[in-house]
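Please open the structure in your viewer and keep the sequence panel beside it.

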Amino acid sequence: MTQPLTPHRVIAERMKALRKKRGWSAAHLALEMKKAGIPWDRSIVASLELGRRATVTVEELLALSYVLSVAPVHLLVPPVGVEDRTPYQVVPNGPGGPDSVLAGSPPYPAVVRAWIRGQLPMGDPRSFFEEVPPSELAPPDEFGGAWRVVTNEDADGER
């Protein structure tokens, strides 16, 4: 089985790809983060990109999204299509994790993206959708209007 993607590694890889796409050096990204109120220097950017730093705070994630002009979901999950079957380890002890108490394998990136966007639950749909403001609540059309948990099998077309 392919090693699952992990949030901190995906953030680091996406940050590096977007930084390079914009023609920015690590020092320039650190400067932009400082302007946004996050006291980064070039060494922090390098540590993240090289895997020496394994955490990113929520504030840092939001600031990165802001300075790179992307939605946070585009830093958290690689922008791959529904055909991508690389597992994504949402939490260490979640499905497929080394100490998992939950059955199943880690979800695919497309499922994680939909979950982050608030479109699909990864647990009890009643609890998940209970927090959605009524103005944003609508049944997903692609599943015939029925609320339900979407799994990797849905992405595989094995519904």
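The expected span of a helix is 1.5 Å times one less than its number of residues, and helices here are DSSP runs of H or I with at least four residues, numbered from the N terminus. The model is a predicted one, in which local features need pLDDT of at least 70 and side-chain atom pairs count only at pLDDT 80 or more, while totals for chains, interfaces and linings use all residues. Residues are numbered from 1 along each chain as its sequence is written, and side-chain values use heavy atoms, with hydrogens and water left out.

Begin by selecting residues 7-21, which make up helix 1. Its 15 residues reach 21 Å from the first C-alpha to the last, close to the 21 Å expected. Which residues of helix 1 are buried? They are Val10, Ile11, Ala12, Arg14, Met15, Leu18 and Arg19, where buried means under 20% relative accessible area, exposed over 50% and partly exposed in between, with a 1.4 Å probe and protein chains only. Show next helix 2 (26-35), helix 3 (42-50), helix 4 and helix 5, which are included in what covers those buried residues, contact meaning heavy atoms within 4.5 Å. Just after helix 1, select Gly23, which takes a positive phi of about 75°.

Move on to Ser69, in the loop between helix 4 (58-68) and helix 5 (73-76). Ser69 has a positive phi of about 55° although it is not a glycine, and Ser69 is exposed, with a relative accessible area of 61%.

Key
Helices (H or I, at least four residues) and strands (E, at least two) are DSSP runs, numbered from the N terminus.
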